[in-house]
Amino acid sequence: MAEEARLTHISASGEAHMVDVADKAETVRVATAAGYVRMRPETLALIRDGNAKKGDVIGTARLAGIMAAKQTANLIPLCHPLMLSKVSVEITEDATLPGLRVQATVKLTGKTGVEMEALTAVSVTCLTIYDMAKAADKGMEIGGIALLAKSGGKSGDWTRSQAESKADT
């Protein structure tokens with residue numbers, strides 16, 4: 001099996017294990033992920049106007065995403081606990097969904113990447129939006145959660161557009 005196709009969290013005997021990063025070089029590592037919450041236009045207006053029963057949906061969801069990134073190792077069994085240097089969560093209105101788009105960027109200088117932290121931030125941000133607005137719209141849809149880009153480490157830079165263009169060839 002090619003080195004790049006190998007599952008790093010599976011030992012030679014087929015058992016799940018935490019990857020040993022002790023000998024890896026510390027590099028600046030950044031990952032960005034995105035997702036969305038699709039909802040009725042009336043629900044989007046309710047959130048935009050600050051009239052949701054539970055309060056500030058966007059501010060609370062942003063904070064939840066940041067907190068989630070910091071807790072990723074407690075949620076996903078084989079993730080390393082990391083000292084993150086930056087977590088940003090952007091939530092933007094998209095009338096064409098209609099709904100809210102979420103993007104999270106996570107950064108550190110360390111021996112392992114932050115892709116899972118970025119994906120966790122987006123996931124929990126979307127879940128929080130749903131939780132805070134579900135009284136108005138239980139039919140909301142969470143989707144499109146994906147890694148957009150990562151940089152740093154042995155494997156170098158990667159972007160979703162690069163992966164999609166390789167899959168098309």
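Modeller: The account below concerns helix 1 and the core to which it contributes.

The model is predicted, so local features need pLDDT of at least 70 and side-chain atom pairs count only at pLDDT 80 or more, whereas totals for chains, interfaces and linings use all residues. Residues are numbered from 1 along each chain as its sequence is written, and side-chain values use heavy atoms, with hydrogens and water left out.

Helix 1 spans residues 41–48; helices are DSSP runs of H or I with at least four residues, and strands are E runs of at least two, numbered from the N terminus. Thr 43, Leu 44 and Ile 47 are its buried residues (under 20% relative accessible area, 1.4 Å probe, protein chains only). They lie on the same side of helix 1 because they cover an arc of only 100° around the axis, taken from the directions from the helix axis to the C-beta atoms. These buried residues pack against helix 2 (57–70), strand 2 (86–94), strand 3 (99–110) and helix 4 (115–133). Just after helix 1, Gly 50 takes a positive phi of about 70°.

Ile 47 also belongs to the largest nonpolar core, which has 29 residues; such a core is a set of buried Ala, Val, Leu, Ile, Met, Phe, Trp, Tyr and Cys residues joined through side-chain atoms within 4.5 Å. Ile 47 and Met 39 are among the members that touch the most others. Helix 1 is one of the elements giving two or more residues to this core, while helix 4 supplies the largest share, eight residues. Met 39 in turn touches residues including Leu 44, Ile 47, Leu 100 and Ile 129, a contact being heavy atoms within 4.5 Å.

Definitions and conventions. Buried means under 20% relative accessible area, exposed over 50%, partly exposed in between (1.4 Å probe, protein chains only). Lists of a residue's contacts leave out its neighbours within four places in sequence.
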